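Hello,

Here is the structure I said I would pass on. My notes on it follow below.

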Protein chains: 2
Amino acid sequence: MFSPKFDELVQRLRILPGVGPKSAQRIALQLLARNRTGAQALAHALNDAVLHIQHCTVCRSLAESDICDICASPQRDQTLLCVVESAADVAAIEHSGGFRGRYFVLGGHLSPLDGIGPDEIGIPLLMSRLKAEPIEELILATNATVEGQATAHYLQAAWQSLSQLESTAVNGRKMPLKITRIAQGVPQGGELEYVDSHTLSQALQYRLTVR
Amino acid sequence: MFSPKFDELVQRLRILPGVGPKSAQRIALQLLARNRTGAQALAHALNDAVLHIQHCTVCRSLAESDICDICASPQRDQTLLCVVESAADVAAIEHSGGFRGRYFVLGGHLSPLDGIGPDEIGIPLLMSRLKAEPIEELILATNATVEGQATAHYLQAAWQSLSQLESTAVNGRKMPLKITRIAQGVPQGGELEYVDSHTLSQALQYRLTVR
Ligand SMILES: [Zn+2]
Ligand SMILES: [Zn+2]
């Protein structure tokens, strides 16, 4: 439609999540008709982000410099380390406001069939942090999916075998590390009749004593 | 979150239709985590489109050169001219496959309160085309909205007063031009009980004799 550069734009817009051929054309037309300045600013921001945003060398989250703001902040509790699958999870937890520790971003989960093993999700870096930093609790906040659970189990086992291998003290501090897993259960506002049965059985199994 | 360039990207993504702050962040994270090459290609396509796609000097639709493919094509029926509000309408009609004439894109509708008068929607150019080209039928395909209807009425009146002013023949060809309006009615598959009452009354008023 219209011209090759128009078709090219429509095609490229389809990398955006949820954008099919029809909405890509609609977006292209809207930008060209009503917001050419905005389209150029978006192009600039995309390029700038891709060129300058890399991964934090400490936690593998997103950062413009070698070390991200969270890792660099003296305000964050160095004794708590929360392992998540993606930077999006960091954003979600930060947004919840309920966590003042630091993070480690796996960048995925173990998936042997796809060639994603411990090295690909940064396990060696995580283990060296656990040995070198004054971390007291490791919170496993991988997704509540089969893959996320399997990855959490692997992390726990990996730390156990490492701590046994290196005797009872690593880098001068006492083992064992406390390892926790985020709670699974009925979401806030969730009506039981609409909650899936797996979630419900988990919620029952991990029930809390309230009095 | 993360860095200034990340926040800038999130902000710029919000020019996309239907993208709020949460989905803008989700899109930014997905692009940075999974498709940096695609993000750069999109940036390039956006810039390229803005810099090279202009308006056709004949029909005001989108084109990379002075004259768009439709206006330049000898295959299109020069006796039919369809007036639409936007290039998106050209795309929709082309997609329907039911029209082999040419177009004129107003780029909006009359809106005196917003300072959008006949000059802003290209009426002088349209009138000069009606005088110079072998157009036999002018199809008013502005939107079925109050503004679209008012604009269609204005176009009809503008042509009538021009043709009276310039006597019965303009540029050697006979007046009057046949002027039509696209049909309004119940959409294909529309169930009467869910069709709005205005559409229904229009559909009844413009009913067709079938036998
Ligand atoms: Zn970091
Ligand atoms: Zn044209």
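**Zinc sites and the chain A–chain B interface**

The four donor atoms around the zinc ion (ligand 1) make angles of 105 to 116 degrees with one another, and the site is tetrahedral. Please keep in mind that this is a predicted model.

The protein donors of that zinc ion (ligand 1) are the SG atoms of Cys56(A), Cys59(A), Cys68(A) and Cys71(A), which lie 2.3 Å from it. Along the chain, the donors of ligand 1 have the spacing C-x2-C-x8-C-x2-C.

Chain B supplies the donors of the zinc ion (ligand 2): Cys56(B), Cys59(B), Cys68(B) and Cys71(B), each through SG, at 2.2 to 2.3 Å. The site of ligand 2 is tetrahedral, with angles of 105 to 117 degrees among its four donor atoms. In sequence, the donor residues of ligand 2 are spaced C-x2-C-x8-C-x2-C.

Now to the interface. Contacts join 48 residues of chain A to 48 residues of chain B. The size of an interface is often given as the accessible area lost when the parts come together. Between chain A and chain B, the buried area is about 4600 Å², and carbon and sulfur atoms give 74% of it. On the chain A side, the residues that lose the most area to chain B are Phe2(A), Lys5(A) and Leu46(A), which together make up 15% of what that side buries.

There are also polar links between the chains. Two salt bridges are found across the interface. Lys5(B) forms a salt bridge with Asp48(A), with the closest N and O atoms 3.0 Å apart. Polar contacts across the interface number 10 residue pairs.

Which elements give two or more residues to the side of chain A that touches chain B? They are helices H1 (4–13), H2 (21–34), H3 (36–52), H4 (69–72) and H5 (87–96) of chain A. H3(A) gives the most to that side, with 15 residues. By class, the side of chain A that touches chain B has 29 nonpolar, 10 polar and nine charged residues.

Regards

Note on methods
Residues are numbered from 1 along each chain as its sequence is written. Chains are lettered from A and ligands numbered from 1 in the order in which they are written. This is a predicted model: local features need pLDDT of at least 70, side-chain atom pairs count only at pLDDT 80 or more; totals for chains, interfaces and linings use all residues. Side-chain values use heavy atoms; hydrogens and water are left out. Contact means heavy atoms within 4.5 Å. Buried area is the accessible area (1.4 Å probe) that two parts lose on being put together, summed over both. A salt bridge is a side-chain nitrogen of Lys or Arg within 4 Å of a carboxyl oxygen of Asp or Glu. A polar contact is a pair of N or O atoms within 3.5 Å; within protein, one must be able to donate a hydrogen and the other to accept it, and residues adjacent in sequence count only if both atoms are side-chain atoms. Helices (H or I, at least four residues) and strands (E, at least two) are DSSP runs, numbered from the N terminus. Ala, Val, Leu, Ile, Met, Phe, Trp, Tyr, Cys and Pro count as nonpolar, Asp, Glu, Lys and Arg as charged, and the others, Gly among them, as polar. Donors are N, O and S atoms within 2.8 Å of the metal (3.2 Å for Na, K and Ca); water is not among the atoms, so sites may look incomplete. Four donors count as tetrahedral if all angles lie between 85 and 135 degrees; four count as square planar and six as octahedral if opposite donors are over 155 degrees apart and all others between 65 and 115; anything else is irregular.
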